[in-house]
Amino acid sequence: RETGNIKANMMLAIRNLFPQYRNPFGGGLGNRINDAIAYRAAGIAPESIFIIDTKSKIQQLSNKEE
């Protein structure tokens, strides 16, 4: 399945190189919401996704206030 997010498409291509029961990604770190979208598309759990804001504060996606 392809998305409109280039990073998500690349991560899905890598993910598809592995058996369905094995996820090669342990977590994700980014600075934009598109990074979080890409990580979720690749099957990374929200509690393993971290976003750095403009003040260099790191927030866990599952605890991020929207």
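Reader: In what sense do β2 and β3 pair, and over how many bridges?

Author: β2 and β3 pair in the antiparallel sense, over 3 bridges. Keep in mind that this is a predicted model.

Reader: Noted. Which residue stands opposite I58 in β3?

Author: I52 does.

Reader: And the whole sheet? What's the strand order?

Author: The order is β1-β2-β3. The 3 strands form an open sheet, and the pairing is mixed.

Reader: Which strands are at the edges?

Author: β1 and β3 (58-60) are the edge strands. Each of them pairs on one side only.

Reader: How far are neighbouring strands turned against each other?

Author: By 20 degrees on average, with direction ignored.

Reader: Where does S56 lie?

Author: In the loop between β2 and β3.

Reader: Buried or exposed?

Author: S56 counts as exposed, because its relative accessibility is 59% and the cut-off for exposed is over 50%.

Reader: Back to β2. Is I51 buried or exposed?

Author: I51 lies in strand β2. It counts as buried, because its relative accessibility is 6% and buried means under 20%.

Reader: How far apart are I51 and I33?

Author: They are 7.9 Å apart in space, C-alpha to C-alpha. In sequence, 18 residues separate I51 and I33.

Reader: Step back a bit. How many helices and strands in the chain?

Author: The protein chain has 2 helices and 3 strands. From the N terminus on, the elements run α-β-α-β-β.

Reader: What share of the chain is buried?

Author: Buried residues make up 26% of the 66 residues.

Reader: And the surface? What does the accessible area come to?

Author: About 4900 Å² for the protein chain. Carbon and sulfur atoms hold 52% of that.

Reader: What share of the contacts joins residues 24 or more positions apart?

Author: Such pairs account for 24% of the contacts with a separation of 6 or more.

Reader: Now helices. Which residues of α2 are buried?

Author: α2 spans residues 33-41, and its buried residues are D35, A36, A38, Y39 and A41.

Reader: What covers them?

Author: The cover includes α1 (6-15), β1 (28-30) and β2 (49-52).

Reader: What follows α2?

Author: G43 follows it, with a positive phi near 95 degrees.

Reader: D35 is on that buried list. Why does it count as buried?

Author: D35 is buried because its relative accessible area is 10%, and the cut-off is under 20%.

Reader: What does D35 touch?

Author: K7 and G30, not counting residues up to four places away in sequence.

Reader: How many salt bridges does the structure hold?

Author: It holds 1 salt bridge. The side chains of K7 and D35 meet in a salt bridge, at 3.1 Å from N to O. The pair links distant parts of the chain: K7 sits in helix α1, D35 in helix α2, 28 residues apart.

Reader: What lets two such side chains pair, in general?

Author: Side chains of opposite charge can pair when their charged atoms come close.

Reader: And K7, how accessible?

Author: K7 counts as partly exposed, because its relative accessibility is 33%.

Reader: Different topic. Which residues form the nonpolar patch on the surface?

Author: I14, L17 and F18 form it. Together they have about 300 Å² of accessible area.

Reader: Where is I14, and how accessible?

Author: I14 lies in helix α1. It counts as partly exposed, because its relative accessibility is 38%.

Reader: Last one. Where is F25, and what is it in contact with?

Author: F25 is found in the loop between α1 and β1. Leaving aside neighbours within four places in sequence, F25 is in contact with M11, I14, R15, A42 and I44.

Reader: How far is F25 from S48?

Author: Their C-alpha atoms are separated by 9.6 Å. Along the chain, F25 and S48 are 23 residues apart.

Note on methods
Residues are numbered from 1 along each chain as its sequence is written. This is a predicted model: local features need pLDDT of at least 70, side-chain atom pairs count only at pLDDT 80 or more; totals for chains, interfaces and linings use all residues. Side-chain values use heavy atoms; hydrogens and water are left out. Buried means under 20% relative accessible area, exposed over 50%, partly exposed in between (1.4 Å probe, protein chains only). Helices (H or I, at least four residues) and strands (E, at least two) are DSSP runs, numbered from the N terminus. Contact means heavy atoms within 4.5 Å. Patches are made of residues with over 30% relative accessible area and no salt bridge: like charges are joined within 9 Å, nonpolar side chains (Val, Leu, Ile, Met, Phe, Trp, Tyr) within 5 Å. Accessible areas come from the Shrake-Rupley method with a 1.4 Å probe; for residues, only the protein chains shown count as cover. A salt bridge is a side-chain nitrogen of Lys or Arg within 4 Å of a carboxyl oxygen of Asp or Glu. Two strands pair if DSSP finds at least two bridges between them. Axes are lines fitted to C-alpha atoms, for helices over the stretch in contact, and angles run from 0 to 180 degrees between N-to-C directions.
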